[in-house]
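Open the model in your viewer and keep the sequence panel beside it. This tour goes stop by stop: select, look, move on.

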Amino acid sequence: MSEMLEKARKYEFIQGQQIKEEERPAFHITPYVGWMNDPNGFSYYKGEYHLFYQYNPYSTHWDSMHWGHVVSKDLLHWNYVPTALAPDEDYDKFGCFSGSAIELEDGRQLLMYTSVNQEKLEDGTVRDIQTQAVAVGDGKDYEKYEKNPVLTAKDLPKGASKVDFRDPKIWKGNDGNFYCVIGSRPADGSGQILLYRSKNGFEWEFVSILAKNQNRYGKMWECPDFFALKDKHVLICSPQDMKARKYEFHNGHNSVYFLGDYDANRCRFSKEQPHTLDYGMDFYAPQTTELPDGRRIMIAWMKSWDACVIPNSQDWQGMMTFPRELEIKENRIWQNPVKELENYYQNPCCYEHTEIEGETVLAGVEGRTIDLTVTLEDGENTIFSIKLAADSEYETSYTYNKETRLLEIDRTYCGVTKDVVCVRKFRIEDPAGLKKMRFILDYHSIELFINDGQQTATTAICTPLNAKDIYFFSDKKMTMSVEKHDIIM
Ligand code: FRU
């Protein structure tokens with residue numbers, strides 16, 4: 001083990017223990033200590049779910065990317081495993097960037113990641129050089145391959161930049177080969193997704209340009225993922241530098257998906273229009289994996305590069321979303337929390353066809369680690385609103401206007417002390433409007449699943465934990481049903 005890896009492991013073991021359990025979310029992943037961004041290497045290996053993450057143990061800011069590592073048996077309780085990768089080789093000394101994991105034929109686990117180095121130009125400026133590297137291990141300790149990097153500038157198609165070439169997502173094809181998609185920047189300065197193939201996971205060859213941005217959807221496309229779902233193929237990526245388009249995309253970093261058809265013989269993907277994956281304020285760089293039971297599960301970084309509401313006064317920064325099961329319905333991706341959550345339900349509290357008008361509280365409907373479903377029924381109302389994680393000072397509100405079919409999230413009063421994005425509006429996809437809202441609340445986040453998962457909206461909050469009231473509001477008479485379960489771990 002390198003000195004650098006040993007140092008990270010010792011450091012996180014000592015510092016990570018100091019963070020009290022109640023300072024972290026109850027069931028969302030946070031870094032052992034320090035900074036976390038993208039989920040990496042999400043996979044099922046030897047009876048456990050593995051998740052790695054972009055990690056800087058030494059501070060709550062992005063720097064010196066390592067791979068942190070957690071494992072779980074139920075997708076809710078995650079245990080810290082020692083740091084998997086440190087930027088300790090010449091070819092990755094400026095970071096072990098995002099990547100993925102897969103089990104090899106011989107039972108070892110392969111990690112494939114972006115190795116970042118730098119080069120000095122003639123004018124003295126320095127720039128990153130991104131290549132791809134692999135490491136193999138047993139689910140705890142990993143050894144970097146002696147012939148790393150396995151993909152370099154020489155494996156790029158004409159015009160593609162060696163500065164932006166990152167985030168390999170690997171899978172095993174039906175033909176027995178390994179494949180991976182990698183984000184790249186072509187000569188037009190925007191993004192594209194490259195496809196590579198390997199017989200053994202170590203020797204790779206360029207196959208095709210799977211998708212081109214052509215400056216339509218932001219610039220560089222980061223963190224691609226590509227998989228079959230039902231009778232379609234899905235390409236997920238996270239474009240940088242997007243411009244808001246009405247209520248569909250927002251400014252800055254987005255995460256989008258394209259459905260389409262994949263011709264596996266010609267390695268060509270014909271894609272349809274992109275759609276937003278999540279309409280909230282904190283969702284980026286998602287990664288999926290297929291579980292042994294066939295479910296396709298996605299986890300994303302529950303933060304954004306553009307805004308951050310979680311204060312830096314604590315010893316961790318960055319969380320992951322709750323794992324979500326993906327399905328295709330009506331030619332869209334639908335998302336729902338994995339069903340394992342229900343194993344931790346306690347204290348159910350239900351109201352059926354309750355009439356409300358004006359502001360209403362319902363006895364027993366409160367809490368900060370809850371699964372709350374609100375079904376909107378008949379009403380003469382135009383406005384329906386719900387305030388969560390609330391008391392007299394704090395609230396995060398969700399306000400729906402039936403006439404415009406817009407839902408507005410507002411976290412202005414969730415405790416934020418910076419001038420970051422606090423309001424987001426989007427249109428409810430279903431022409432029949434908003435019928436069901438399912439909120440998964442944890443201490444520092446609210447994930448909303450709309451109309452049985454047709455749309456989602458993920459938002460981090462920084463509200464004191466005793467603000468746990470819930471207020472309902474309707475401008476005219478309406479009826480609703482409410483089901484609340486505490487999630488007790
Ligand atoms: C996305 C990203 C990736 C990169 C990683 C570096 O959030 O920029 O493209 O691999 O973060 O930490």
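**Stop one: Lys140**

Select Lys140: its relative accessibility is 41%, so Lys140 counts as partly exposed (buried is under 20% relative accessible area, exposed is over 50%, and partly exposed is in between, with a 1.4 Å probe and protein chains only). This is a predicted model, in which local features need pLDDT of at least 70 and side-chain atom pairs count only at pLDDT 80 or more, while totals for chains, interfaces and linings use all residues. Residues are numbered from 1 along each chain as its sequence is written, and side-chain values use heavy atoms, with hydrogens and water left out.

Colour by secondary structure. Lys140 sits in the loop between strand E7 (126-137) and strand E8 (142-144). Helices (H or I, at least four residues) and strands (E, at least two) are DSSP runs, numbered from the N terminus.

Now show what surrounds the residue. Not counting residues up to four places away in sequence, Lys140 touches Arg9, Val81 and Pro82; contact means heavy atoms within 4.5 Å. His50 and Lys140 are 90 residues apart along the chain, and their C-alpha atoms are separated by 10.0 Å.

**Stop two: Tyr80**

Go to strand E4 (residues 78-85) and pick Tyr80. Is Tyr80 buried or partly exposed? Tyr80 has a relative accessible area of 27%, so it is partly exposed.

Which backbone oxygen does the side chain of Tyr80 reach at 2.7 Å? It is that of Thr30.

Draw a C-alpha distance from Tyr80 to Tyr32. It reads 6.6 Å, for two residues 48 apart in sequence. Beyond four places in sequence, the contacts of Tyr80 include Arg24, Tyr53, His69 and Val70.

**Stop three: Asn37**

Move to strand E1 (residues 34-45), which holds Asn37. Asn37 has a relative accessible area of 2%, so it is buried. Show side chains here. Those of Asn37 and Asp38 are joined by a polar contact of 3.0 Å.

What does Asn37 contact beyond its neighbours within four places in sequence? Select Tyr53, Gln54, Trp62, Met65, Trp301, Trp305 and Met320. Keep Tyr53 highlighted: Tyr53 is also in contact with Tyr80.

**Stop four: Thr463**

Find the loop between strand E30 (455-460) and strand E31 (469-487); Thr463 is there. Thr463 is buried, at a relative accessible area of 3%. Its contacts, leaving out residues up to four places away in sequence, are Arg368, Ala389, Tyr394, Cys414 and Tyr443.

**Last stop: the whole chain**

Zoom out. Along its principal axes, the C-alpha trace spans about 70 × 50 × 50 Å. Colour by burial: 61% of the 489 residues count as buried. Of the contacts with a separation of 6 or more, 58% are between residues 24 or more positions apart.

Terms used:
Polar contact = N/O pair within 3.5 Å; in protein donor to acceptor, adjacent residues only side chain to side chain.
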